[in-house]
Amino acid sequence: QEVAPIKLITPTAEQKLVNQIAKSQLRKSNFNNYEESAASILDLPDTSLIKTRNLKTRSYSNTAHQKVNYSMGFTVSELDFRKTPKYQKLLDILAKPEKTIIFVNDIPLIRKLKETLSEDGYRVQTMPSTTKAGKYSDIINDALSQDYDIFIIQPKKISMGVDINTASRIIWYQILSDLGDTIQAQRRIYRLSSTKSSIIHYLAYADTHQEKIIREISEIGRASCRERV
């Protein structure tokens with residue numbers, strides 16, 4: 001496997017503000033991994049940024065769950081998914097035709113990418129929610145060997161027990177915070193015993209939690225992959 005040169009994506013001025021405010025709001029709401037959650041907003045813009053979460057509330061006799069609304073931030077203008085810097089970078093990469101796996105953590109973002117890429121002329125497939133784990137390899141390999149150019153999937157679904165031999169490119173649209181899971185997932189594509197190679201692209205916004213993760217991954221990746229110049 002080869003790692004494409006990692007070039008962090010510069011967020012827009014408004015994206016920087018959204019990320020900053022969301023981090024503050026989520027931290028005050030006692031969210032775990034608040035920096036990661038705040039950065040994910042930039043991947044799939046939400047103009048309302050009003051969410052609902054379950055909070056534990058204690059009574060005299062038991063612990064109950066109560067749904068409360070909270071604000072992750074706000075936006076000044078309508079955010080167009082197609083115009084986000086990360087989506088534009090994705091289109092730049094996809095301009096060179098190759099069978100591609102796109103790793104995405106959030107299910108709503110998987111749906112959005114499938115819809116938008118399909119509208120932009122790409123042949124895209126995702127994993128049906130009812131699919132059993134033992135069928136993942138067959139479904140992905142069959143899709144990419146026939147009519148589809150892109151398969152979008154959560155990386156944790158193929159981190160173990162899945163072998164993909166029909167994709168020559170991996171694009172991390174969202175990156176796992178667990179570095180071990182990251183390495184496991186990308187090694188499912190063209191195993192070490194294969195005579196073919198694949199290239200890995202990491203997409204991450206600068207000055208966000210994504211930059212921190214990408215720098216940690218790049219250090220590990222250099223030990224097992226040779227970087228393309």
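User: How many helices and strands does the protein have?
Analyst: The model is a predicted one. Its secondary structure comprises both element types, and the protein has seven helices and nine strands.

User: Which elements give two or more residues to the largest nonpolar core?
Analyst: This core holds 25 residues, and Leu90, Ile102, Val104, Leu113, Leu117, Ile152 and Tyr173 touch the most other members. The elements that give two or more residues to this core are helix 1 (13-28), helix 2 (34-43), helix 3 (85-94), helix 4 (107-119) and strand 6 (150-153).

User: Which residues does leucine 90 touch, not counting residues up to four places away in sequence?
Analyst: Leucine 90 is among the residues that touch the most other members of the largest nonpolar core. With residues up to four places away in sequence not counted, leucine 90 touches Ile102, Leu113, Leu117, Ile171, Tyr173 and Leu203.

User: Which element gives the largest share of the lining of the largest pocket?
Analyst: About 360 Å³ of space lies in the largest pocket. Of its 22 lining residues, Glu36, Asn105, Asp106, Ile175 and Ser177 are the closest to the pocket centre. The largest share, five residues, comes from helix 2.

Notes
Residues are numbered from 1 along each chain as its sequence is written. This is a predicted model: local features need pLDDT of at least 70, side-chain atom pairs count only at pLDDT 80 or more; totals for chains, interfaces and linings use all residues. Side-chain values use heavy atoms; hydrogens and water are left out. A nonpolar core is a set of buried Ala, Val, Leu, Ile, Met, Phe, Trp, Tyr and Cys residues joined through side-chain atoms within 4.5 Å. Buried means under 20% relative accessible area, exposed over 50%, partly exposed in between (1.4 Å probe, protein chains only). Helices (H or I, at least four residues) and strands (E, at least two) are DSSP runs, numbered from the N terminus. Contact means heavy atoms within 4.5 Å. On a 1 Å grid over the protein atoms alone, a cavity is a set of points where a 1.4 Å probe fits but cannot get out, and a pocket is an open set with protein on both sides within 12 Å along at least five of seven lines; lining residues have an atom within 4 Å of a point. Grid points are joined across faces, edges and corners, and a volume is the space filled by probe spheres set on the points.
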